[in-house]
Structure formats: structure tokens, C-alpha cells
Amino acid sequence: NCPLDLSGSNLTLLSSTCSNKGDRGKCCRYINAFVAVSVARYANMSSNLGVPSGLSDICLHSVSETLELYGVPSNATVFCALGTKIPVTYECMGRITVMQMLESPNFEDVTENCKLPLSEESSCRRCMNASILYLHHLIGAEDNMTLSTCRDATFAALASQGDNVSTFEIATCFFGVQELNVHPVVASDPSSPSLTPEASPSSLPDASPSQLLVGIPSEEHHHPYHLTVIRVGIAVTAVSVFLLIILIFLIHRKSRELGDSENLDKTCWNVFPPQPIQKGQDGPSTFQKFSYKETKRATYNFSTTIGQGGFGTVYKAQFSDGFVAAVKRMNKVSEQGEDEFCREMELLGRLHHRHLVSLRGFCVEKHERFLIYEYMENGSLKDHLHSTGKTPLSWLTRIQIAIDVANALGYQV
Ligand SMILES: Nc1ncnc2c1ncn2[C@@H]1O[C@H](COP(=O)(O)OP(=O)(O)OP(=O)(O)O)[C@@H](O)[C@H]1O
């Protein structure tokens, strides 16, 4: 197992930083800092400036696997050259132990100038200046790679002398990155979560040693990124199911309405074919189906009441083609009423006589039924016979009306 310990490192921040392609330099600084912190922890226990060469590949694999688990894109570790530019062992000019670094010339200047706290910009700058000077004396005109490895070795040697909190603080200054640790741990507090290298593994019985060391989250401790993905997934599914239910409901309702209308059409057309019937009587007698929309518009939203009969209210209607009609809105019909409606159409639709009001069509909307008649401008006979405001009909006219009514009654299709 790799002994490097990434626990407590703010890998969520690393993940979001590395997901931003414009922040690649910062992403690499963070990866470098986290690896350096884990090397410093290991140095604290082993006094070595990195893992033994036999473990180097295993550790690089473990570290990149852990980073990936936390959502760090795999190409970030490749881009930052984890393993070459960011090694897990800091051999600085032949020095492989903490002691060798501490005993190197002028290191005491680094120790002296890098005393905590380093959170202030001025104190961090003082520490960095001392470190640069020290490295300058130590490696002279060596290449950047050596400079970088020795800088990391200086950090590991320095940080290995303190506890977990100071390690993060020194790393913040050395690598110029903020908020490296997730849960600041007070090393002296025995009740705090056991994430420090000094903590006994037995205090975390549920976590496997490899999970602790390379920071792999245990099953109980889900990463916030994954939790967010799960929550978003649940929300999207819930909304989709909800919309689907509404859609099914609307489709069902519409098809029921269409079914109602179609059934009626079928029933009624069985007894009354949808062809205009010409009987040689005066006036056009085209029978048709009117839409609810045009009927509603023609009656000004059913505001033109002209009478009330036993089967419903009658409205005057003016259709867009100029046709003036009397629209009878049937009282809410039962199934039996449906037959009634069809029979009325069958009967009146077939009768075409100059002394009979002709039925010109019908309209069906959900459970509403309308019969549309030719409009009789002079009102009902009843009004002419009984209304006090009208001029009384002459006896000749009355006899003629009686004859006409008798003719109409005697008329057969
Ligand atoms: N084609 C029409 N043209 C003009 N007014 C009409 C027309 N049909 C009906 N009306 C008016 O609407 C009123 C109600 O007519 P409706 O046919 O519903 O009932 P009714 O003939 O009086 O009685 P019943 O319901 O028993 O048939 C009539 O009295 C009349 O004033």
C-alpha cells in the first residue's frame, strides 16, 4: 500500500479548479501542494523525503486514482506531469532524508524565517525570500527541475517538523494556493477526526487503511460533487415523471372529448346522413355541423337570448357568412337525452316545408348540444295571438294560418 496520506486535503476545490481549462497552472500548483503535504506527513513518520523507490509507481497510481475519484479530470494529472514534474520522492542534490536537508548550509535561515504564522503576506514573503536564498546557495545554476524538487524537499523537511495544521499553512505559503485543507484539525485535540498522520488507525475502525492513506472516500462519506449529481438526477427524473403524467392526462382527456363527439356523429349520422337534403321547398336547406367556436362567436358568447323552451334556451346568432339563426342550447343531456337530440335532428332535418321552421345544423362540444334553426324574424305565433302590444290578426289571416299549420302537420317526408 502507498503510505502517502491525502486525507483532509480540499480535493473538491482541486476538482473545480482543474475542471476549468483556463486555470491549468493553478490546478498543477494545487496538485503539487497536495502531494507535497502528503510527502511531508510521510517524512514526519519516516524521516525520508519521499516514499521508497519500490513504492513510487504504486503511490503515483493511488494518488491519480484518488484525484479521479474526487472528480479531478484525468488529463489534469497528465498535463501537470504527475510522476515526472510532480514526484512523490524529493531527492535534492543527493539528499534523501529530512536530517540531510536540515543539516544543509543555511537551512537554519529557512527555519528561522518560516516560523508560524505564515498567513500574513509579509511573513510568507520573508519565508519565501529566505528559502530562495537558501536554494540559490544550495544548487547554484542548476536546472529548473532541480530547483523545483529542492523547493519541495525544503518544504517537506520544514513541514515535517510540525503538525497537520502547520503543514497546510506552510504549503499555502510555499505553493501560493489557498484553502488547502477541508476540516482544520487541531492536532492536540484527541476527540477530533483522526486525519492527522499521528492519529492511530484504530480510532477509525470503519475505514480501511488504504482509504485513509490516499483519501479514498468511504461509502458513508459521499463526495459533495457526486451528491449534487445525484440530487440533480433525482430532480430531473421527478420533473420528467410529473410532466409525463400531465401529458398522459391531457391526451386521455382530449381523446375522451373527441370520442364523445365522434360517437355522437356516428350515432346521429346513422339516422341522418350528412348530405344536404333538397325537397324542392323554398330557401336553401343545407344541413351542417357548426363548430363550437363559431357558434359561441355568433351568439356573442351566448348573450343574445330570445326565448326559453322546454328543452333549453334559444339565442339569436349571426354567423360570419351572414346566416342568421336561432340557436337552441339543449339543457344538460343525459344518455337518454342524447337519443332525443339525434331524433330531433333526424326528424327536423328531413322535414322541409315552407310552414315548418327548418333545422340548419347542430353543434357538439363536450357534453353540450346545440340545434341551429333558421331564424324567424316575426317571432312566435303565440305572441301574435296573445300579446297585448301587437295589432290583432284579422280573421282571414287567422284562417289562413290554421290552414297552413294543418298543411304542415299533414306534411310527410
Ligand atoms: N327559429 C326561431 N326563430 C325565432 N325565434 C325562435 C325560434 N325558435 C324558437 N324561438 C324563440 O324561442 C322560444 C323558445 O322556443 P322553443 O322551441 O325552445 O320552445 P317552445 O317552442 O316555446 O316550446 P317547446 O320547448 O315545448 O318546444 C320561442 O317561443 C321563440 O320566441
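**Ser 160 and its surroundings**

Modeller: Happy to! The side chain of Ser 160 makes a polar contact with the side chain of Gln 161, at 3.1 Å. Keep in mind that this is a predicted model.

Colleague: Thanks. Where is Ser 160 found?

Modeller: Ser 160 sits in the loop between α8 (144–159) and α9 (164–175).

Colleague: And is Ser 160 buried or exposed?

Modeller: Its relative accessibility is 6%, so Ser 160 counts as buried; the cut-off for buried is under 20%.

Colleague: Which residues does Ser 160 touch, not counting residues up to four places away in sequence?

Modeller: With those left out, Ser 160 touches Ala 40, Ala 43, Asn 44, Val 98 and Phe 155. Take Ala 40: Ser 160 is 120 residues from Ala 40 in sequence, yet their C-alpha atoms are 5.0 Å apart in space.

Colleague: Let's go to the helices. How do the axes of α2 and α8 cross?

Modeller: Helix α2 covers residues 24–46, and the axes of α2 and α8 come within 8 Å, crossing at roughly 45°. The two helices are therefore oblique to each other. The crossing of α2 past α8 is right-handed.

Colleague: Which residues of α2 and α8 make the contact?

Modeller: From α2 there are Asn 32, Ala 36, Val 37, Val 39, Ala 40 and Ala 43, and from α8 there are Arg 151, Asp 152, Phe 155, Ala 156 and Ala 159. By class, the contact of α2 with α8 has eight nonpolar residues, one polar and two charged.

Colleague: And what about α2 and α9, at what angle do their axes cross?

Modeller: The axes of α2 and α9 cross at roughly 145° and come within 10 Å. That crossing is right-handed. On the α2 side, the contact uses Arg 29, Asn 32, Ala 33, Ala 36, Val 37, Ala 40 and Arg 41, while α9 brings in Asn 164, Thr 167, Phe 168, Ala 171 and Phe 175. Sorted by class, the contact of α2 with α9 has seven nonpolar, three polar and two charged residues.

Colleague: New topic: Ser 15. Which helix is Ser 15 in?

Modeller: Ser 15 is in helix α1, residues 11–19. Ser 15 is buried, with a relative accessible area of 5%. A polar atom of its side chain lies 3.3 Å from the backbone oxygen of Gly 71. Leaving out residues up to four places away in sequence, Ser 15 touches Tyr 70, Gly 71, Val 72 and Pro 73.

Colleague: Now the backbone. Which peptide bond is cis, going from Leu 116?

Modeller: The one from Leu 116 to Pro 117 is cis, with omega near 0°. Pro 117 lies in the loop between α6 (107–113) and α7 (121–139).

Colleague: What is the phi of Tyr 300?

Modeller: Tyr 300 has a positive phi of about 50°, although it is not a glycine. Tyr 300 is found in the loop between α12 (292–298) and β2 (305–308), and Tyr 300 is exposed, with a relative accessible area of 58%.

Colleague: Last one: how many helices and strands does the chain have?

Modeller: The chain has 15 helices and six strands. Buried residues make up 38% of its 413 residues.

Notes. Residues numbered from 1 in each chain as written. Predicted model: local features only at pLDDT ≥ 70, side-chain atom pairs only at ≥ 80, totals over all residues. Heavy atoms only, no water. Helix = DSSP H or I, 4+ residues; strand = E, 2+ residues; numbered from the N terminus. Buried < 20%, exposed > 50% of the residue type's maximum accessible area, 1.4 Å probe, protein only. Contact = heavy atoms within 4.5 Å. Polar contact = N/O pair within 3.5 Å; in protein donor to acceptor, adjacent residues only side chain to side chain. Axes fitted to C-alpha atoms, helices over the stretch in contact; angles between N-to-C directions. Parallel < 35°, antiparallel > 145°, perpendicular 65-115°, else oblique. Left-handed = near helix turned anticlockwise from the far one by under 90°. Nonpolar A, V, L, I, M, F, W, Y, C, P; charged D, E, K, R; others polar.
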